[in-house]
Amino acid sequence: MFIDIDCAQEKKYNQNTYGDYFLSKRYPDKDTLIAVLSDGLGSGIKANILATMTATMLLKFVEASANIKLACEVVMNSLPVCQVRKISYSTFSVAHCSEDGEVKIVEEGNPKFIYISDGKVVEPEYTVIDSDTFKNRHMHVYKLKLKLGDRLIFCSDGVTQAGLGSSDLKLGLRRSGLIRFLLEKIKDMPDISSSELAKFVVRVAINTEPDRKAKDDTSCCVIYYREPRRALIFTGPPYHQEKDNEYANEFFKSSAKKAICGGTTANLISRELNIPVRCDIARSVGKLPAVSHMDGIDLVTEGILTLTRTVEYLENGFFEKEKNAAYELMQFLLSSDCIEFMVGAKLNQAHYDPNLPIEIEIRKNIIKKMAKILEDKYIKRVTLRYI
Amino acid sequence: MAKVKVKMCMGTTCFVMGASDLQELMDIIPSKYGDDVEIQGVPCLDLCSTSSEAKAPYVMVDLTVVSKATVESVLEEIERKLKNGQE
């Protein structure tokens, strides 16, 4: 399963920074992810520093420790108390999620998370751990087994207390009010992404305020276990020409989103599967050949030049005025979770002619570079297959 | 008279060797010849990998290959085809 995670935030209306802090990190080698949401006492810069410190410490502690409970307990016992208000200086929720569905959660002071499975709210059991050093601090520890389609929604008290004191909602939105909105939204859009759902929650909270201004820092983090969005890229002709048909069929039959990068590759698939390639508007944009079209294929581009430029955009960002083929390819890659490259190993001698005005890199090297950036910077799962 | 079909290679080698400059043909041809000549881009004509010498960019005018193509040489070839077609 793929863990889709995102957070949306809004700061208190008169502040210039966020008093809640969200942090998450994936560990692809262990198929796990750690997410932390911390709410710092008060608002503005002070709250921001408190929340940032708490979240950063927690992430590092949980990362280093085999035991999330112990790591959180150490933090709970050591967080200082605000000198002015005599209360804890930040609250937190930590989730340690595995791709097989095992989730461990520790909460201290934040509103209880919401666990939605099959369109219903599940109220899981938990154990309470009291703080040794502070009487009013208690951790709730959960151990869950999530399945495909399940969601966990974490929020700061800015969400559950939205509208507090207003004539309609004397006690604010509360957890029960938020649940009503969530269930309705998920019923309407069963596949809604974590990013969209988190934004929706923050919007609901702000709209609950009579004057549409956030009275407190408002954050929502959503964790959604879903099927990964797969993408398959065929680039370069296979080394053994007799296998062209086999590879073309395998590529076309895949249920993943498909892209072809390379003129020869596009011709090869067109020839083997009898699907015409259309270059109706063959205008190049940004000194790159334009995209072509093939039925059943989501994107068809030129090869090396477009791939090289896509690597540049992935590395440094896209700042061109006009969207070109490399931009399209970048979007294609970034909207997927698991990316597989079928890299044809046949070389086109003409590309290495010293008379060419620019140096053309070897396909394998560009793809290797691209895979590394996609893995390290964008946390994608990348598979390379040389054919 | 049959239409003259022009295919312009948009593959990597041709593109860097000057096909990017040939794109003005996309404007010139329709305005100059109207419906008599049809121009389209193709992902690759597969000529660079088969030819022993570097002669990109390649453009096909019907079945004739124009190598080291320029706007002028492609227009010349089109004129020749149109003239032959009329005869």
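This is a predicted model: local features need pLDDT of at least 70, side-chain atom pairs count only at pLDDT 80 or more; totals for chains, interfaces and linings use all residues.
Colleague: Where do I start with chain A, and how many helices and strands does it have?

Modeller: Start with the inventory. Chain A has ten helices and 17 strands. Its C-alpha atoms fill a box of roughly 75 × 45 × 40 Å along the principal axes. Of its 387 residues, 47% count as buried.

Colleague: Into which domains is chain A divided?

Modeller: Domain 1 covers 2–226, and domain 2 covers 230–386. The centres of the two domains, taken over C-alpha atoms, are separated by 40 Å.

Colleague: What share of the contacts in chain A joins residues 24 or more positions apart?

Modeller: Take the contacts with a separation of 6 or more. In chain A, 68% of them come from residues 24 or more positions apart.

Colleague: Now one residue. Is Ser93(A) buried or exposed?

Modeller: Count the C-beta atoms around it. The cut-off for buried is 20 or more others within 10 Å. Ser93(A) has 28, so it is buried. Ser93(A) sits in strand 4 of chain A, residues 90–98.

Colleague: Which residues does Ser93(A) touch, beyond those up to four places away in sequence?

Modeller: Leu37(A), Ile105(A), Glu107(A), Asn110(A), Phe113(A) and Phe154(A).

Colleague: Next, a helix. Which residues of helix 6 of chain A are buried?

Modeller: Helix 6 spans residues 244–253, and Tyr247(A), Ala248(A) and Phe251(A) are buried there. Look down the helix axis. The buried residues of helix 6 of chain A fall within an arc of 100°, so they line one face of the helix.

Colleague: What do the buried residues of helix 6 of chain A pack against?

Modeller: Four elements of chain A: strand 12 (230–235), strand 13 (257–261), helix 7 (263–273) and strand 16 (338–343).

Colleague: Helix 7 of chain A is on that list. Which of its residues are buried?

Modeller: Gly263(A), Thr264(A), Thr265(A), Ala266(A), Leu268(A), Ile269(A) and Ser270(A). Within chain A, these pack against strand 12, helix 6, strand 13, strand 14 (292–294) and strand 15 (297–301). They also pack against helix 1 (12–16) of chain B. Asn274(A) follows helix 7 of chain A and has a positive phi, near 60°.

Colleague: That leads to the interface. How many residues of chain A are in contact with chain B?

Modeller: 26 residues of chain A contact 21 residues of chain B. On the chain A side, the elements giving two or more residues are helix 7 and helix 8 (304–316). Helix 7 of chain A gives the largest share, four residues. By type, the chain A side divides into twelve nonpolar, ten polar and four charged residues.

Colleague: In what order do the elements of chain B run?

Modeller: From the N terminus, β-α-α-β-β-β-α. That comes to three helices and four strands. The C-alpha atoms of chain B fill a box of roughly 35 × 25 × 20 Å, along the principal axes.

Colleague: What radius of gyration does chain B have, and what would a compact globule have?

Modeller: A compact globule with 87 residues would have a radius of gyration near 12 Å. Chain B has 12 Å, which agrees. In chain B, 43% of the 87 residues count as buried.

Colleague: Is Asp21(B) buried or partly exposed?

Modeller: Use the count again. Asp21(B) has 14 other C-beta atoms within 10 Å, so it is partly exposed. Asp21(B) lies in the loop between helix 1 and helix 2 (25–33) of chain B. Its C-alpha atom is 10.0 Å from that of Pro57(B), 36 residues away along the chain.

Colleague: Last topic, the cores. Which residues touch the most other members of the largest nonpolar core?

Modeller: First the general idea. In soluble globular proteins, nonpolar side chains tend to be buried together. Here the largest nonpolar core has 74 residues, and Val6(B), Met8(B), Cys9(B) and Val59(B) touch the most other members. Helix 9 of chain A, residues 325–334, gives the most to this core, with seven residues. Another core, of 65 residues, lies apart from it and includes Ala47(A), Val94(A), Val159(A) and Ile186(A).

Colleague: Which contacts does Cys9(B) make, leaving aside neighbours within four places in sequence?

Modeller: Among them are Cys14(B), Ala19(B), Val42(B), Cys44(B), Pro57(B) and Val59(B).

How values were computed. Residues are numbered from 1 along each chain as its sequence is written. Chains are lettered from A and ligands numbered from 1 in the order in which they are written. A residue is buried if 20 or more other C-beta atoms lie within 10 Å of its own, exposed if 12 or fewer, and partly exposed in between; C-beta atoms are placed from the backbone. The arc is that of the directions from the helix axis to the C-beta atoms. Two residues are in contact if their C-beta atoms, placed from the backbone, lie within 7 Å. Domain bounds come from an automatic or database domain assignment. Ala, Val, Leu, Ile, Met, Phe, Trp, Tyr, Cys and Pro count as nonpolar, Asp, Glu, Lys and Arg as charged, and the others, Gly among them, as polar. A nonpolar core is a set of buried Ala, Val, Leu, Ile, Met, Phe, Trp, Tyr and Cys residues joined through C-beta atoms within 7 Å. The radius of gyration is taken over C-alpha atoms; the globule rule is 2.2 Å times the number of residues to the power 0.38.
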